[in-house]
Each structure stands twice: as C-alpha cells, then as structure tokens.
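Here is a short report on one protein chain. Look over the sequence and the 3D view before reading on.

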Amino acid sequence: MKNNISLESVSSFILLLAGFLLFWEWLRPLEQITDTGNVHLFVIYTAICFVTSFLTRNGWAKFVIKSVSLLFILDYLFLDVTLLSREWIQTLTLELRYNLAAVWKNDWVLMTSFFRSFLFLLLLWLMSYLLHYWFMVANKFFLFVVLTFVYLAVLDTYTIYDGQAAMVRTFVVSFLVLGLSRYVKLMNNVDTIHRKKHVWSWMTPVLVIVLFATILGIYSPKLNPQWPDPVPFIQSTAGHVGFSDGPVQKVGYGEDDSQLGGSFVQDDSPVFEAIAHDDIYWRIESKDLYTGKGWERSTELDFQELTNGNLGWSTFSQQVETTSYNAEVRPVNQNQLPKVVYPYGINHIASLDQGQFFTDSEFGLIESESSEQNQNLSYTIEYDAPSYEINELRDSSGDDPADIKEQYLQLPDSLPERVSELALEVTDGEDTRYDKAQAIESYFSTNGYVYQIEDVSVPEEGEDYVDQFLFETKVGYCDNFSTSMVVMLRALDIPARWVKGFTGGVEAADQPPLPDDYSLYEVTNNNAHSWVEVYFPETGWVPFEPTSGFTNPTDFYLETSGDVNTEDYMIDEEETEEETEQESSEVEQENEQLNPAEDESEVGGADNEEKGNGGNYYWIGAVLLILAILATIIYRKRTELRDWYLLKKWDRLKQRLEIEASYVYLLEILEKRGMPRTKGQTLRQYAKEVDRRLGTSEMYDITLAYEEYLYRDQTSLAKDNKRLHGLFQQMIDQILA
C-alpha cells in the first residue's frame, strides 16, 4: 500500500513539474514581446503556487501561503517603506483605492504598475490552480501540450521572439511526461513487484526515442517552407491594423526624426491633462535641417536656466494682438513625456512642486530640472494667445534677417527639381507671402492627398521623402504634409520651419469646477502632431496647418473699417443698392405696362386727346390710391416684411451654402438686431458674446467653420454641408424668433 502511494505520488509530482516547466515557456517571451520586467519573480511565484498546491491539502493554508508570497513580491518591487508598517498599509490602501476607482470608471490606462503586477500575480495564482486541476484531476495534460506548441508557434511567426529552443524543450518535457503517464495507467492493475521491475524497462525506450527524435529534428536537413509566409498575406489584407511595407511604429512624441515615413498604430494612452480656454495646439520644439529623409537640428542644443520662470523669447513680435490666458498641465505618470508642452505666446512657467526649468530659445525647447525625476510634475503657464490680422500678413514687407534666411531656407542639393516647379505652379498668381503660404496649405486637401496611417512608404536609398509623397504615393500623415509644405515654401525663398507637439485633445467627460470658458482636456499619444511655421518680417513665426482633416486653432481675423464691413469678406452696401435699383426698375416697367403709350393717346384728334387726358387722370388717381394703401400696409407690416425678406435671401444663400456670404449675412442680421461686432473684437470673441446673449452655442461652431474657410479651401467643408445647413438654420431661426 505504501509503495502504491509512493508510485502515484512520484508520478503526480513529475506530472506537475512538467506542467510547471511548460507554463514557464509561456512566461519566458514576456520580456521580449512586452515591457514586462522582473519576469524571474513571476516565475518564482508560479513555482510557489505549484508546490503549494501539490504539498498542501488544507485550503486556508494554500490561501495564506500564496497571499503572503504575493505581498512579498509587490513589496519588493514597488513599496519602499517597512513591510507591514503603518506607512506600508497606508500606501497599499491608497494604491488599491486609486486603481479600483480607475477600473470602476473604465479608465484602464490609468492603472499603476503596482496594480497591473498585482493583477498579473492573481492571474498566475488562478492558472496554477487550473493547471493543477487539469493535470491531477481531469487528466488533460496533452491538451496543454498542444496549446503550448500553438502559443510558441504564433509568437515565433509574428513577433521578434525566437521559439526554436522553446519548441525543443517543450517536445522533450511533454513526451517524457506523456510516456510516464501512460506507464502509470498501465501499472494500475499490476502488483508492486512487477511495477518496480517494469519501470525502467518502460521508461528507457521512451528516453531513447525522445532524445533520438530531438537530435534528429535539430540536426537533420530541412526542406524550404512549403506554405507561403502568412505575414505578407496579412500585410496585404489587413492593412487597417497597421501592417505595411515600411516599419510599423506606435504613434506618439519621439525625439528622433532623422528617418520619417512608415506606418504606425494608434495609441490612445493618455500623455497629459490640460486645463485651458480652448483646444489649443501644444508646442514642444522646431527643427530646421531637412536631409531628404527627415529632420535634424543644424546646431547643438544650448539650454539656459529660466529666471523666475520667465521666458526671454517669443515666436511672434509685440505688435501682434494677443489675449492673456492661464493654463495648467498635468503629465500622466504612466506615459512619461521628456519635454514640456506649452501654447503659443507663453511668457511664464512655474512648477507646482518648485521645479526649475531650462530652455533653448533657438528651437523652442523647455525641459524640467531632471528628466528622470521632474518630467511628470504639473506646471502652470501664463501666455498671450496671438490673433493675426490677415491684411497685415499680406502687407508684410521688409527683408528677412540674414540669420533667418541662412537657417530656414536650407534645402538638400539632392532635392528633385520638380518639387520647386510644383511650388511655383501652386502659387502662380499669388503676390504676397501669406497668399502663397495659404495656397500651398490648401493644395493638399484639394488635390487628392489622403491622410492615412497605414501603408505609408519609407523612401528608398536615393529617393527624397517629400518628392515621394508629392508625386508618387500622395498618402501619409502629418509628417508628410508638414514637411512637404516647409520644403515647398523654402523652394520659393520663404523661410519656414517644421514644428512638433500635440493637438488640443478632447474635453474630459468629468469636468471639475472651472472658470467660464475653461475646460479640462485629455491629450493622448494619438494627438501627437507636426505642423508648419512661416516667417513674416514684421510679425514673426506664424503657424499653418497643411494636414488634410486638421484645422489650425490659431486666430486669424480681418480688421474692419466699420462694425461689420470689410473689403473682401463683409457685405458691400453696393449689393443692397443694386438690389434696390433693380426693384425700382421692375416697378417702372410694370407702371409702363399699366399706362398707355404716349403715341397711342395722341392718335385721333382733340376728342381722343380729351378722352386720353381724362383716362390718364383716372389711372393716376387709382395708382396713387393703391400706392397709399400699399404704403400703409407696408408700414404696419414692416417688421414681418423685413423678416420675410431676410428669410428669402437666406433661402437663396443656403441652396449653395456659400459660407463666406452666409456668414457675412449672419453678421448683418445680428447688427440690425442690435448686436454689432465692436472694432478690434475677434470673431471668436464676438461669437461667444452672441451665444451668451442668445443662449445658443451655434454661433461659435459656425465661426470655427468660417475661419476654416478663410484658412483653407471651401471644398474641404463639403462633407459637413448638412451639419452647416443645420447650424446656420438654427441660428437664423433663433435671431428672427
């Protein structure tokens, strides 16, 4: 009986040991295919769970041993305070409360490394229990062997993990254990003496066969693959998941831009939160040296310490109209950002934790005191948001400074001539620097260039990055569009530079109490972006947004001579006068039709003349009476008639949805209703004031669409026709209500 128990115990232990070794193969690749560290600790914890399940029969004892082991590992990895001390318990409680709250809100990306490791250890605990049940009770060892081979084959095929050695280990362990399991089943009805006699006679052939098969499999010649490689097939049929001919990378901010191109996959993990007045662009740096493959800096960085957080540089001159705002940036600990993000017009920055900042004014970089310790500290920003007057940009005169031309007109000698020829063609007929920049900016969205993150090519040796995008692929993302615009501008001797940062993100679902017009925005890796800055001698650097589907949040406006009157974009009073003259002409024609012609009234002598005169008096009296009645009716119904006329005019406009004329017409109605735009007031400020007075929100949305029209081309708004119809109609109805 004792021998019987001993044989079963030994076979069970060997079976469980083999199961652990196979499960170890599942853990080995984690360090290569994920960012998981300290995998050896997870292997040790798995071994503890397997041994505890085998040696301990008491359920509570198993629970205590596995729980204590779990806490020891978490303490070793993450907790610096004394084990089981009051501070240790408080830290543990805070970690659990914070992460459970994030799980409750479905904010999985906010979980800390501590909690992720805790969940992974729980998973190992559960897997050890399930495998113990599979091997010892359900006798499903062969199924786990098959799953292990499939797992290793998938990793070896589709990841960087080399699974050859793992396959060999799995084969040896699994077939030895399968042989032992078969022997135990055959010996169930055999007495103890014969068991001892047959154990080696059974296992020796098994060992020889497994070792011979292993050596033969490793060293024997192998045929070439008989099936086609599945990876190219997936690349050709599943481009939507990020496969392409070029390297696939994860979207986000990176410092190396020397080799642009290639596809990337989306990543919505948060980078920072920002409290700001609008979804502004967050700038990080600019680069000036285009190599034909990507961007580099022409000089080394030269950081200077900020005195009391005050910046000594700005991207635009003091004559630019600005509005002062404050902002707060809160980086996310789980996604470390090595640089400081800031809006245009920054003049002061301060850390909430008394950190010190350093800046390089040439490339616009700002860094905290220690990239290892302070890069995730929150900071506040004071800035003056610029508003650029379009006519001033058009009238910008003067020569570019020598250092600007030397640094920001650089182009590689290998740039194909057709890039410069295209730039000349696109800007043909444009006289000012602003109009040329705007023509290039809108060129991409109106000529079939597609924003796309997959199947994006990388230029081959001897091929220019911009030339490939402009003439070959016409497919890419922000780097393709922005780099192409900079190169085309430089080909026209217009200084321009490449800028990196983040777009404004989205408003958080849960908004804290904030001042009016301020919101909490969540910015993720998906918001990483690049755009263009163009130099104007009297203004400085002005941002432009060439990427299809993106809108520049910078405020552009036209200075007006009156409240609602501009040369190009406001209603001309001549239009109203022409309409009045046209209506008067139509009335005169109708009167001529009603009155007999002079030559007809004079025919037939004196009798006819008297009769004609009497008839004329009759008709004159009748017309005067009708006009008096009409004048009375018009006077009493003047308000209704005015609204009817305004609606009829709107009906004509909305059929074509000419956003320029429709928007100006909207301003005209608002002015007639006692809400004129004051001089110097930007369109966004005016829109917010109108929405506040009318209790609406449509005016601000319409203004953003109007600015997009000014800044881009109206064809880019075609997909939003239905929405714009609705916004204009709602606003007109609200005004005339």
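Helix H15 spans residues 465-473, and its buried residues are Tyr-465, Val-466, Asp-467, Gln-468, Phe-469 and Leu-470. The model is predicted.

Now take the ends of H15. Asp-464 caps the N-terminal end. One of its side-chain oxygens lies 2.9 Å from the backbone nitrogen of Val-466. Val-466 is itself among the buried residues of H15. Just after the helix comes Lys-474, with a positive phi of about 55°.

Next, the surface. A nonpolar patch there is formed by Leu-624, Leu-625, Ile-626, Leu-627, Ile-629, Leu-630, Ile-633 and Ile-634. Together they have about 760 Å² of accessible area. Leu-624, one of these residues, sits in helix H19, which covers residues 605-636. Is Leu-624 buried or exposed? Leu-624 counts as exposed because its relative accessibility is 54%, and the cut-off for exposed is over 50%.

Finally, the whole chain. The protein chain has 737 residues, and 43% of them count as buried. It holds 24 helices and 20 strands. The chain exposes about 40,200 Å², of which carbon and sulfur atoms supply 54%. Consider contacts between residues at least 6 apart in sequence: 73% of them join residues at least 24 apart.

Note on methods. Residues numbered from 1 in each chain as written. Predicted model: local features only at pLDDT ≥ 70, side-chain atom pairs only at ≥ 80, totals over all residues. Heavy atoms only, no water. Patch = residues over 30% accessible without salt bridge, like charges linked within 9 Å, V, L, I, M, F, W, Y side chains within 5 Å. Areas by Shrake-Rupley, 256 points an atom, 1.4 Å probe, with all protein chains shown as cover. Salt bridge = Lys/Arg side-chain N within 4 Å of Asp/Glu carboxyl O. Helix = DSSP H or I, 4+ residues; strand = E, 2+ residues; numbered from the N terminus. Buried < 20%, exposed > 50% of the residue type's maximum accessible area, 1.4 Å probe, protein only. Contact = heavy atoms within 4.5 Å. Polar contact = N/O pair within 3.5 Å; in protein donor to acceptor, adjacent residues only side chain to side chain.
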